[in-house]
Amino acid sequence: MIVNQPLLPAESTEDIRMYLPVKELSLEGREGGFEYYLIPTPRGLRPDSYDPARAFLQELVTYFTARLGCGHESFIQIGQVRDQEVTRLFADHARDWIPEAGLGVWPHRPAPRMWKMEDMENIESASGTGPMLNSVFRVTAHANARLDAMTTMLGTGCGLQLVSHVESSVLLRDLKGLFLSFIQDRVFRIFPWYVPLIEKATLAELMEPFTASVLSGISLYIRESPEDGGILIVSAQPLAEIFAQFGCKQMEREMKPTWTLAE
């Protein structure tokens with residue numbers, strides 16, 4: 001005898017996260033010959049919320065590479081993210097991107113070092129944290145792999161782009177030399193390359209000489225910055241006219257210069 005079994009509800013694949021287009025860009029300041037901007041990114045958005053920002057950043061990087069003759073290096077700071085979905089996204093594309101591990105370093109913070117007993121005491125306190133290892137993966141595949149990595153990982157909180165008029169191998173060699181003069185712990189001196197981790201606090205008020213040296217060879221720096229709640233853009237070149245070329249509309253009556261990204 002066949003017994004009718006109750007039908008189980010079909011598993012829903014609909015993404016229930018909020019859709020809110022990421023399309024606002026504001027000038028946050030100017031310091032040391034650089035302009036820096038922020039695209040605010042609220043947490044928990046649906047991935048397609050980032051489509052306007054994806055198109056804009058791809059156009060911006062392409063402008064620097066195709067029109068200004070710069071090189072582009074793409075990095076993924078996957079170590080700071082504990083989201084399984086993000087880790088899976090990175091793993092799914094690793095074969096195409098051929099990632100190589102290196103180290104991200106904050107130029108305005110103490111140099112990375114091994115943990116000490118006082119670090120363990122701090123981590124047990126309510127607000128304390130110990131030294132962090134900021135693993136960063138460089139996309140080494142050619143063709144459009146770097147742009148693909150940038151647009152694919154956008155919205156995960158771990159993308160980082162270096163665009164420079166200096167040849168990539170020379171830029172990475174120079175950055176390594178600068179950071180090795182800063183890092184003393186032998187464990188952190190073994191990486192093939194080092195990249196700067198920049199946040200707004202790095203650029204606020206008077207830029208430290210070491211930070212200025214680190215940024216000196218970089219024409220355009222883009223990083224998803226959880227510390228700032230958005231995508232940080234640092235440029236050695238004024239960008240307002242370029243934004244207008246991209247179809248961005250400057251908003252009126254704002255406290256600071258603000259644009260809406262083209263959709």
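I count angles under 35 degrees as roughly parallel, over 145 as roughly antiparallel, 65 to 115 as roughly perpendicular and the rest as oblique. The model is predicted, so I take local features at pLDDT of at least 70 and side-chain atom pairs at 80 or more, while totals for chains, interfaces and linings use all residues. Numbering starts from 1 along each chain as its sequence is written, and side-chain values use heavy atoms, without hydrogens or water.

**Helix pair.** I looked up α1 (residues 51-67) against α4 (residues 145-153). Helices are DSSP runs of H or I, at least four residues, and strands are runs of E, at least two, numbered from the N terminus. Their packing angle is about 155°, with the axes 9 Å apart. Axes are lines fitted to C-alpha atoms, for helices over the stretch in contact, and angles run from 0 to 180 degrees between N-to-C directions. α1 and α4 are therefore roughly antiparallel.

I then listed the contact (heavy atoms within 4.5 Å). From α1 come Arg54, Leu57, Gln58, Val61 and Thr62; from α4, Leu147, Met150 and Thr151.

**Sheet.** I traced 11 strands in an open, mixed sheet: β7-β4-β5-β3-β6-β8-β9-β2-β1-β11-β10. Pairing needs at least two DSSP bridges between two strands. β7 (194-196) and β10 (249-250) are the edges; each has a single partner strand, so one side of each lacks a neighbour in the sheet. β8 (220-225) pairs with β9 (230-235) in the antiparallel sense over six bridges. Glutamate 224 is opposite isoleucine 231 in β9.

**Helices on the sheet.** I find α1 across β1, β2, β3, β6, β8 and β9, at about 15° to β9. α4 touches β3, β5, β6 and β8, and makes about 40° with β3.
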